[in-house]
Amino acid sequence: MSRILAENISSDNDISSQFFPHSMELIAGEFSTVTGASPTLGQLLKHVGDVRKEANGDETPVHEILVDITEPRLMPFVLSFNNLTYSIKVRRKMPLPGFFRRRDKSAAATAGAGNPLAGDSFFTRTKTLLNDISGEARDGEILAVLGASGSGKSTLIDALANRIAKGSLKGNVTLNSEVLESRMLKVISAYVMQDDLLFPMLTVEETLMFAAEFRLPRTLSKSKKKMRVQALIDQLGLRNAAKTVIGDEGHRGVSGGERRRVSIGIDIIHDPIILFLDEPTSGLDSTSAFMVVKVLQRIAQSGSIVIMSVHQPSYRILGLLDRLIFLSRGQTVYSGSPTSLPLYFSEFGHPIPENENRTEFALDLIRELEGSPGGTKSLVEFNKSWQSMKHTRDSEPDRLGLSLKEAISASISRGKLVSGATNDVSSTSMVPRFANPFWKEMVVLSNRSILNSRRMPELFGIRLGAVLVTGFILATVYWQLDNSPKGVQERLGFFAFAMSTTFYTCADALPVFLQERYIFMRETAYNAYRRLSYVISNALVALPGLIFLSFAFAATTFWAVGLDGGFSGFLFYFLIMFASFWSGSSFVTFLSGVVPHVMLGYTIVVAILAYFLLFSGFFINRDRIPAYWIWFHYLSLVKYPYEAVLQNEFDNPTKCFVRGIQIFDNTPLGAVPDPMKVRLLQSLSNTLGVRITSSTCLTTGVDILKQDGITDLSNWNCLWITVAWGFLFRILFYFSLLLGSKNKRT
């Protein structure tokens, strides 16, 4: 069977056969002959899997068909939307003062002529984006929303896809006359955004495979998931590009049409019942756009409701559409089939000329009416009367008779909704919220991040190079410091710069999530995985790199500078470096979840890290910080690792840093000859009554810690607090994703 499949795929060059090879039709033959309808992708995969099981002797129980497929297939799903109205508040343009007012008089009069809506104020006005929109979409059909830019196409798609907050949208959306819950809609539907949000360094096959790992249940074997991906690649016509990376501005990859089909593929991997698409043909040439819509037609014929917005379809694309809704400034000016367009506009008094594209004529007429004094009011009223006559003329009993749960159960039995769905109609939740358990999501996310990192090694290489260069410069500048008062000051300067460097080099983590933000929002909007899974996998993937950077910096500087403590001192120095990289990376990651722009994020990171360094205790001792700023000292991320390395270096009561005449160093008496310093020291000894010689230890490491006010926390406490800061910022990152990625209009 698989050999026949491959031969038919390779031998077929027809456009429709390119997407849906004859091999699929061979497999589907036994279904289509008895049902008279196209099989779903799940049915095809089930059949292929059963054939392979027979050949391989696999004893795994096959998927049971709970609905008798010998019965004619009903059309179980009807998505109805009634009286959808959506308004937003926009700022008014303030009139110009003085002599400019006369110039703007007509504009001001025009603006004030209309009747103000309820809720308007002097500073804001209400703008209606959707105004009493009604219609329906059935499975097996494509509903296309047309209109000029700003007509409300994308807004209507968002309203149907539950991407507008409940309190803002008026009207109702039902499936089989039952109101859809948000959780249920997320599982049975998919939304393809206008922009292609894909990882550039993954191949087409890898992209779809990761989507399968997210959306298909863990109970489905790896081989079944691969079979589904391969079948989907054939359905989307992407076989020749399967091993090609997606690409971006810096890496050559697939074409625009192929990229769009990949975007569609990752959202239909679980064979959803409802598919929403926001202008899937925008930016594509005529042939690519036709191929994309041809794919959508096949998806609809497999038993899905396809709803898409399109700006201006070509004649060939128009032949693939089943229902049209024309919008003008948020109002419906036509709703019906493409074949009814000539009759509709003929009765309106504007017949469509022969050999002219119907949609182009309709859109041109709508624009012409929008520029007229009366606007499209006449066309809106005509559409209402046309619809009432149409319903009276075409009134026929609904052929459904299925409740929503029964319809979903029937679709699941035929292979749709493979994301862990069950056939238990009595179950309160026929479809789980997430297809996979928590740990499985973490594994898949980690694998994808690691693969992306491996494909772009230059990113980590640049970061490692920056750490090594900084370590080399510090090692050569502070080479083998001595145990003198000047050596103490140089150590303090080295530690302050080293700690601040670890935090500043973490700033490169900022664009990582910002580049993935919209991919993350798209994937989590329809429950591909949990936000917590993303946060934990993001942290786990970052750890190996942070450990390597910490060891590289510690090994480069510890022995070269001549720091104290031996091997145990090096281990603690390495640990505190790792804790610093961890907390700094977590802090920057949290900011990336709050700040939406890279340049703004860099500005904030640099400024806050500078404040942390200022209040760390290096520039001003804790005892000298004003009381009204002392709180910032304890919030400083640099404070704790800085104090930890100082204690690791100076917490040795037997090590001396100031002996005898060295007490005069760093004072005006430092330039006095040594014999004079000895006599001064003897005089000082006589005055104090204490014997002080040139070898007497006057200042130990503990004394230096007391002078700098580092007495309240031990070095290990500082280490644990630094690590805790990292965990705190990861938790805050999670809440920023939870609250800031709702992906809904207000």
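I take helices (H or I, at least four residues) and strands (E, at least two) as DSSP runs, numbered from the N terminus. The model is predicted, so I noted that local features need pLDDT of at least 70 and side-chain atom pairs pLDDT 80 or more, while totals for chains, interfaces and linings use all residues. Residues are numbered from 1 along each chain as its sequence is written, and side-chain values use heavy atoms, without hydrogens and water.

I found F472 in helix α19 (residues 457-477). F472 is exposed at 54% relative accessible area (buried is under 20%, exposed over 50%, partly exposed in between; 1.4 Å probe, protein chains only).

Sheet. I looked up the strand order and read β6-β7-β8-β3-β9-β10, an open sheet of 6 strands with mixed pairing (strands pair if DSSP finds at least two bridges between them). β6 (189-192) and β10 (331-336) are the edges, each with a single partner strand, so one side of each has no neighbour in the sheet. β6 and β7 (residues 274-278) run parallel, joined by 4 bridges. Y191 has F276 in β7 as its bridge partner.

Salt bridges. I searched the whole structure and got 23 (a side-chain nitrogen of Lys or Arg within 4 Å of a carboxyl oxygen of Asp or Glu). E213 and K222 meet at 2.5 Å, N to O; E213 is buried at 5% relative accessibility, and K222 is partly exposed at 47%.
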